[in-house]
Amino acid sequence: MGSIDEHWSSFQNMNLETAHAKKIQKVLETANFTHLCSEATKIRQEKSLDAVSCSVNTAKFTYGTYNLVIALTLSDAIQWVARIMLPQDEEELPEDPINEDIARSLLSEIASMNFVRSTTTIPVPRVYGHSAAKNAFGHPYILMEALPGAVLDNRMALSIPTTHRRKFAAQLAGYIYELSTLQFSKIGCLSYTKSKDLEITPFHMSSSWIKPLSTSLEYFYLFRKAQTKEILSEHPGEQDWESAAWFLERSLTSMVMEEHLYGPFPLCHLDLHYNNMLVDEDFNITAVLDWSNVQTVPVERFIVNPEFVAPPAAPQEYKQAVFEFRDIFVKELARIERDRKDESDRGMELSSLFGSPLAEVVFRCTCSPARRALFDAQLTLALTYGKDAKWEDFKRFFNQRVA
């Protein structure tokens, strides 16, 4: 394969005046990449009979919301990637102590990657090394395998050619099915104990760490209460927004499935979209990336994926493409469920839930930011009570209730 960074855009499509661009610039200017190469060389040397050197080109990189990715080229024709956590605050200095929350998240991500890689066929990069504590490099990082492939240009429904769509959907369905079989008794993140056993630990929600939960109702209740607090603080005394917050809380009863109230809770990649996958020239999935946002969740949350939800204001052609791709995925997932039913009883029948009204209600109530609450509440009203339900009638009822 060619160099892993040959298609990386670096600063090409970024406004250099944004806070995000400045964070990236800060890392590139202040991080000790000589030290990073030295650490990579030490690890690689353990597997090589010949002397190994390492080089890095900081002019080529890719990035996400919270991370910067740099390629490391080793002299034995091997490439690794360093995924570097960006400063959480624009003014944070490299010499500042590493935040304990950051370290906890990074170690949980590594535990999740190792577990998924060892128990499924999902193409997860192998982790070679990491530093979650204060280090000479200056930032938390993970050194990992550079898997081949390129990121799609747009959403799956819009990027995958018709001739490859069913194959791609089948691969995606297979990987999601495998994740659904990794089930646990509590909701939370995966981490290693001191004895290297896997356990469920606290997870991050709305700027807080939440201890592992035992029911799906607790999960959705805590999320909505946090969202309500944010909505009311940003829109004090605004009846439309107060009504929206109250209605989204009431929607909990239509979201929670009694038969799955106490789990089991499948492991979920909460950010499984086109930008976190690599594909080859034939649109085979070659890597699933960014496991920083993975935890066990209620089944109702597991069936939600933004790739299968079309913005209501999008052009009809856009919506049609999304729904057609979703339908292909659902058919492939149903086929997998039928084929593997006798192999394991751990898999849940999910194909009837992906793309259902329940999935969209859960999406509107758990995946949208608080700033979209008014819009999401009105959409959820129609999904819950039918197209004839009117927001003005509901708002009048709410006002009478609180008067």
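Ala, Val, Leu, Ile, Met, Phe, Trp, Tyr, Cys and Pro are counted here as nonpolar, Asp, Glu, Lys and Arg as charged, and the others, Gly among them, as polar. The model is predicted: local features need pLDDT of at least 70, side-chain atom pairs count only at pLDDT 80 or more, and totals for chains, interfaces and linings use all residues. Residues are numbered from 1 along each chain as its sequence is written, and side-chain values use heavy atoms, with hydrogens and water left out.

Rolling a probe the size of a water molecule over the atoms shows where empty space is left. On a 1 Å grid over the protein atoms alone, a cavity is a set of points where a 1.4 Å probe fits but cannot get out. A pocket is an open set with protein on both sides within 12 Å along at least five of seven lines. Lining residues have an atom within 4 Å of a point. Grid points are joined across faces, edges and corners, and a volume is the space filled by probe spheres set on the points.

The structure holds 3 cavities of 30 Å³ or more. The largest cavity contains about 110 Å³ of space. Its lining comprises 13 residues, and Cys268, His269, Leu272, Val304 and Asn305 lie nearest the centre. Two or more lining residues come from each of helix 5 (162-180), strand 11 (265-269) and helix 9 (299-302). Helices (H or I, at least four residues) and strands (E, at least two) are DSSP runs, numbered from the N terminus. By class, the lining of the largest cavity has 9 nonpolar, 2 polar and 2 charged residues.

Asn305, in this lining, belongs to the loop between helix 9 and helix 10. Asn305 is buried (under 20% relative accessible area, with over 50% exposed and partly exposed in between; 1.4 Å probe, protein chains only). Its relative accessible area is 6%. The Asn305 side chain reaches the backbone oxygen of Leu272 at 3.0 Å. A polar atom of that side chain also lies 2.8 Å from the backbone nitrogen of Glu307.

The second largest cavity holds about 50 Å³ of space. Ile122, Leu172, Tyr175, Ile176, Leu179, Leu272, Met277, Val288 and Trp291 form its lining. Helix 5 gives the most, with 4 residues. The lining has 9 nonpolar residues, no polar and no charged ones.

The second largest pocket holds about 430 Å³ of space. Of its 20 lining residues, Ala310, Phe323, Glu360, Arg364 and Leu383 lie nearest the centre. Helix 10 (316-340), helix 11 (357-366) and helix 12 (373-385) each supply at least two. Helix 11 has the largest share, 4 residues. The lining divides into 12 nonpolar, 3 polar and 5 charged residues.

Glu332 lies in helix 10 and is buried, with a relative accessible area of 8%. Its side chain makes a polar contact with the side chain of Arg166 (3.1 Å). A polar contact is a pair of N or O atoms within 3.5 Å; within protein, one must be able to donate a hydrogen and the other to accept it, and residues adjacent in sequence count only if both atoms are side-chain atoms. Glu332 touches (heavy atoms within 4.5 Å) Arg166, Ala169, Ala170 and Ala173, not counting residues up to four places away in sequence.

Strands pair if DSSP finds at least two bridges between them. Strands 6 and 11 run antiparallel and are joined by 2 bridges. Gln183 has Pro266 of strand 11 as its bridge partner.
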